[in-house]
Amino acid sequence: MRVYLDNAATTPLDPEVLEAMLPYLHNHFGNPSSIHYFGRETRAAIERARKQVASLFNVSPGEIFFTSGGTEANNMALQCSVRDLGVKHIITSPIEHHAVTHTVEALEKEGKIKLSFVKLHADGSVDYEDLERLLAATQEKTLVSLMHANNEIGILLDIERVSALVQTYQAYFHCDTVQTIGHYKLDLKKIKIHFISCAGHKFHGPKGTGFIYVNSEAHIKPLIHGGAQERNMRAGTENLYGIIGLAKALEICYSHLEEHEAYIRTLRDYMKQKISEEIPGIGFNSQDDGLYTVLNVKFPPNPKSELFLFNLDIAGIAASGGSACSSGSNVGSHVIAHLNNEPDSVAVRFSFSKFNTKEEIDFVVEKLKEMVPVVV
Ligand SMILES: Cc1ncc(COP(=O)(O)O)c(C=O)c1O
């Protein structure tokens, strides 16, 4: 048996999504920029997908730009704000995804911005009073970039509170929503955010797809030049079938949101309860009220720590030590390193989807029971 519990890294494609994509891999292949029939029909399909996506977030289709994924969307939000909106100061957290931290560090190194890191509580949550202090103390145009849910420990941001603070201090707000899109509803008419980022493969859509929402008040210019696609905002022939798949995947997620959430929560809570009862000495880096797709388990220190994920893989269990880039290795989790309450413990992120089953969880628990005493 092989069990896939690394859904925060990526998810399997939903068969219904594949169905929706297939016609655009076979018959409808025209270049959406072509003015003949073949191009017009694929252009219309992309615009239908954009409308569908926009309606799910209660925004205008003109505010949605398809990208290659979350990394590109994050880069666009950060780099374009600095270049086009006069942003001179970025406030972020030390536990953002590298698509944010590496980008802001590069901007700082180039001398384009001052970089501030907000303080975090022991569980990884943002210290909102510190965020307000940082915003109040700045004279320069500021962008706050904070993720909705942390991809490793699942801690959630109070986006309404951050949105209100950002408006009080007339700053911009970018929220990396890569881990929450498809799992939480977001009404952007009710909560003002200037930029959100999305990656289609995190909710059973295809890889290499995503979008950035850019609030119509944020007048940014393109990052990629060379064509008039995406209303001049993102050059390059569109990932047609990817865009169709992303829109279909989102539609499925939001039409079954409560049902999927309840199911996934039950699996996660069941696994937490079982391992708490059956495996001595474990703790958790994730919270019950955090991202419901993630359970980050702190295993006791052991001499074979680095081999733990490897051994899990041999036992047929796919999990992760941190973000996708460190899947299969326990090295380099800047998030766990920052929390750092027990540096020798082994952090393993198990992340769930609607395709997992209770039988799979039972299998994983049995394997963990066999493995943990061996390595302790
Ligand atoms: C929170 C977060 N942001 C950004 C990304 C990057 O997304 P992608 O790899 O699709 O570009 C990820 C992917 O792991 C993520 O979890």
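This is a predicted model: local features need pLDDT of at least 70, side-chain atom pairs count only at pLDDT 80 or more; totals for chains, interfaces and linings use all residues.

**The ligand and its surroundings**

The points below begin with the ligand, then move on to the pocket and the cavities.

*Contacts with the ligand*

- Lys-202 also has a side-chain N or O atom 2.6 Å from an oxygen atom of the ligand.
- For His-97, the distance between a side-chain N or O atom and a ligand oxygen atom is 3.4 Å.
- On its own, the ligand has 390 Å² of accessible area, and the protein covers 88% of that.

*The shell around the ligand*

- Thr-71, His-97 and Lys-202 belong to a shell that also includes Gly-70, Asn-74, Met-147, Asn-151, Asp-176, Val-178, Gln-179, Ala-199 and His-201.
- Sorted by class, the shell holds seven polar, three nonpolar and two charged residues.
- Helix α3, which spans residues 70-84, contributes the most to this shell, with three residues.

*The largest pocket*

- Where does the ligand sit? The space it takes up is the largest pocket.
- This pocket contains about 290 Å³ of space.
- It is lined by 22 residues, and those closest to its centre are Thr-71, His-97, Val-178, His-201 and Lys-202.
- Those five residues are also found in the shell around the ligand.
- Helix α3 turns up again here, giving the largest share of the pocket lining with four residues.
- The lining is made up of twelve polar, six nonpolar and four charged residues.

*The largest cavity*

- How many cavities of 30 Å³ or more does the whole structure have? A search finds four.
- The largest cavity holds about 170 Å³ of space.
- Its lining has 20 residues, with Gly-182, His-183, His-204, Ile-264 and Thr-293 the closest to the centre.
- Helix α9, covering residues 257-278, supplies the largest share of this lining, namely four residues.
- By class, ten of the lining residues are polar, seven are nonpolar and three are charged.

*The second largest cavity*

- The volume of the second largest cavity is about 80 Å³.
- Of its 13 lining residues, the closest to the centre are Gly-124, Val-126, Met-147, Ile-155 and Leu-157.

Notes: Residues are numbered from 1 along each chain as its sequence is written. Side-chain values use heavy atoms; hydrogens and water are left out. A residue is near a molecule or strand if one of its heavy atoms lies within 4 Å of it. A polar contact is a pair of N or O atoms within 3.5 Å; within protein, one must be able to donate a hydrogen and the other to accept it, and residues adjacent in sequence count only if both atoms are side-chain atoms. Accessible areas come from the Shrake-Rupley method with a 1.4 Å probe; for residues, only the protein chains shown count as cover. On a 1 Å grid over the protein atoms alone, a cavity is a set of points where a 1.4 Å probe fits but cannot get out, and a pocket is an open set with protein on both sides within 12 Å along at least five of seven lines; lining residues have an atom within 4 Å of a point. A molecule sits in a cavity or pocket if more than half of its atoms lie within 2 Å of its grid points. Helices (H or I, at least four residues) and strands (E, at least two) are DSSP runs, numbered from the N terminus. Ala, Val, Leu, Ile, Met, Phe, Trp, Tyr, Cys and Pro count as nonpolar, Asp, Glu, Lys and Arg as charged, and the others, Gly among them, as polar. Grid points are joined across faces, edges and corners, and a volume is the space filled by probe spheres set on the points.
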